[in-house]
Amino acid sequence: MTSHIQIFDTTLRDGEQTPGVSFSFDERLTIARQLEDWGVDVIEAGFPASSQGSFDSVQAIARTLKKTTVTGLARCKKSDIDATYEATRDAVSPSIHVFVATSPIHLKYKLKMTEKEVLRTIKEHVSYARSKFDIVQFSPEDATRTPLSFLVQCVQVAVDAGATIINIPDTVGYTYPKEYGFIFKTLKEKIRHSEQITYSAHCHDDLGLAVANSMAAIENGATRIEGTINGIGERAGNTALEEVVLGLHVRQDHYQAKTQIQFEKTKLTSDIISRYAGIRIPRNKAIVGKNAFSHESGIHQDGFLKHPETYEIMTPQLVGVKNTELPLGKLSGKHAFQEKLKKLGYHISETDQIALFKLFKAMADKKKVITDRDIHALIQGTEHEQHAEFQVESLQLQFVSNGVQSAVVVLKDKQNQTYQDSSIGTGSILAIYNAINRIFDIQPELLDYRIDAVTEGSDAQAEVHVRLKLDHIEVVGIGFDHDILYASCKAYVEASSKFIKPQFGQRSGDCS
Ligand code: KIV
Ligand code: ZN
């Protein structure tokens with residue numbers, strides 16, 4: 001018999017815990033819509049009690065999605081449960097995810113609680129959650145380092161208190177498939193229940209076993225898999241959902257399980273997350289990497305040409321990798337442009353489309369062929385500039401061969417106030433960055449600087465990513481432009497402005 005495996009996406013909660021990743025409000029909504037299109041059953045939209053920003057975006061997602069269950073994370077605290085209730089109550093199907101740590105190391109050092117106290121808190125908070133929600137999921141955090149007998153006790157208390165979904169987190173990516181599978185088998189055998197219980201797997205990839213462990217959970221009775229797109233998340237990340245769903249599909253003979261995922265939307269979903277997270281997909285990444293469907297060796301190519309299945313267990317079309325994309329150009333009209341936006345998964349208002357079309361035309365004057373990646377960069381660049389606290393008004397550089405370079409940077413804030421400074425550096429980029437540091441009066445550490453050419457060719461657009469660190473806080477910035485130095489300047493301004501407090505404009509000594 002074929003079972004249905006529910007897909008629970010936590011890209012917007014656990015995925016956003018990736019160091020340096022922070023989605024904007026609009027990006028969160030776009031991601032949530034895309035996940036609904038892709039076909040996930042549940043979206044963990046955030047942790048509503050953690051910040052007003054998280055609360056607002058969970059609420060907006062709950063109010064936007066048409067069929068997907070929306071859930072929010074809550075600690076065993078009534079205020080967390082209340083916040084999640086308020087944030088998700090307008091969803092077509094609201095639910096809550098309550099968790100508390102259960103492993104000895106977490107109890108001793110983090111929670112400073114005894115086992116008895118943990119059991120009491122589970123009972124109290126799961127029943128409180130159940131008084132407000134029809135669907136309550138409970139997670140014993142660090143379950144895989146919790147003695148199995150105590151884990152069974154915790155789960156039994158949660159089930160008795162009204163949880164109908166039990167999620168088993170491998171919080172630190174410590175378990176291996178046989179061991180993880182055994183936990184599910186044991187729970188299924190031992191837990192007494194009056195309502196039907198769904199068992200769910202939540203794995204981290206510290207030992208590179210997240211997908212394998214999730215598959216082992218399915219083999220032992222789990223019917224829900226939690227994870228993120230492209231496997232983003234804390235440390236080494238979470239289970240890559242695209243790998244799980246395609247694994248189940250390609251090896252249906254073994255797993256006898258189906259999901260409701262629209263496979264052909266996989267690549268687009270992965271691309272959107274990669275762009276918003278600022279994390280490039282490795283070329284050799286399973287399912288969505290650039291090389292996943294290329295055949296290099298002569299023997300492979302020969303076999304593939306004779307019969308694709310000699311070396312291909314699924315087709316690129318199945319996951320939405322297109323062999324041929326239809327590029328746009330100077331002569332493409334508004335209609336073709338709108339169709340392209342739709343195809344690429346964007347939901348853009350009529351007025352914004354008109355403004356974008358003008359920018360597209362300006363780009364087409366400089367660039368002969370406009371590819372999908374150019375369009376993505378155009379939209380993302382525009383979104384970044386619309387939401388930026390500071391925009392680059394102008395950049396002036398003086399280049400001296402074998403000498404010190406200098407830069408003058410002028411920024412403009414949302415109130416149209418301008419700020420300017422100049423500096424020197426051992427290279428043009430350092431000169432620009434020193435000038436920006438002087439404007440903001442900060443000295444962040446540049447952890448990472450990366451230039452990606454959006455497309456091939458000498459007229460390619462540049463996409464620059466920077467990662468900065470100041471006082472233990474890491475931020476990222478992205479800049480798009482035809483000119484690498486200008487794109488670098490935009491990226492640094494976006495990142496460093498995240499360190500700046502709103503009273504910046506009142507500082508004395510700013511020039512305007
Ligand atoms: O990894 C983890 O333990 C979690 C829990 C909050 C479920 O993300
Ligand atoms: Zn997690």
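**A loop and its surroundings**

Mentor: Lys 290 sits in the loop that joins helix H11 (266–277) to helix H12 (298–306); helices (H or I, at least four residues) and strands (E, at least two) are DSSP runs numbered from the N terminus. Keep in mind that this is a predicted model, where local features need pLDDT of at least 70 and side-chain atom pairs count only at pLDDT 80 or more, while totals for chains, interfaces and linings use all residues. As for bookkeeping, residues are numbered from 1 along each chain as its sequence is written, chains are lettered from A and ligands numbered from 1 in the order in which they are written, and side-chain values use heavy atoms, with hydrogens and water left out.

Lys 290 and Val 321 are 31 residues apart in sequence, yet their C-alpha atoms are 9.2 Å apart in space.

Thr 259 lies in the loop between strand S10 (257–258) and H11. Thr 259 has 16% relative accessibility, so it counts as buried. A polar atom of the Thr 259 side chain is 3.3 Å from the backbone nitrogen of Ile 261; a polar contact is a pair of N or O atoms within 3.5 Å, and within protein one must be able to donate a hydrogen and the other to accept it, with residues adjacent in sequence counting only if both atoms are side-chain atoms. Skipping neighbours within four places in sequence, Thr 259 is in contact (heavy atoms within 4.5 Å) with His 4, Ile 5, Ile 7, Val 245 and Leu 248.

One more stop, the ligand. The residues around ligand 1 include Arg 13, Asp 14, His 97, Thr 171 and His 202, "around" being a heavy atom within 4 Å. Strands S5 (93–101) and S6 (136–141) each supply at least two residues of that shell. Oxygen atoms of ligand 1 come to 2.6 Å from a side-chain N or O atom of Thr 171, and to 3.1 Å from one in Asp 14 and 3.1 Å from one in His 202. Taken alone, ligand 1 exposes 260 Å², and the protein buries 94% of that (Shrake-Rupley areas, 1.4 Å probe; for residues, only the protein chains shown count as cover).

Methods:
Buried means under 20% relative accessible area, exposed over 50%, partly exposed in between (1.4 Å probe, protein chains only).
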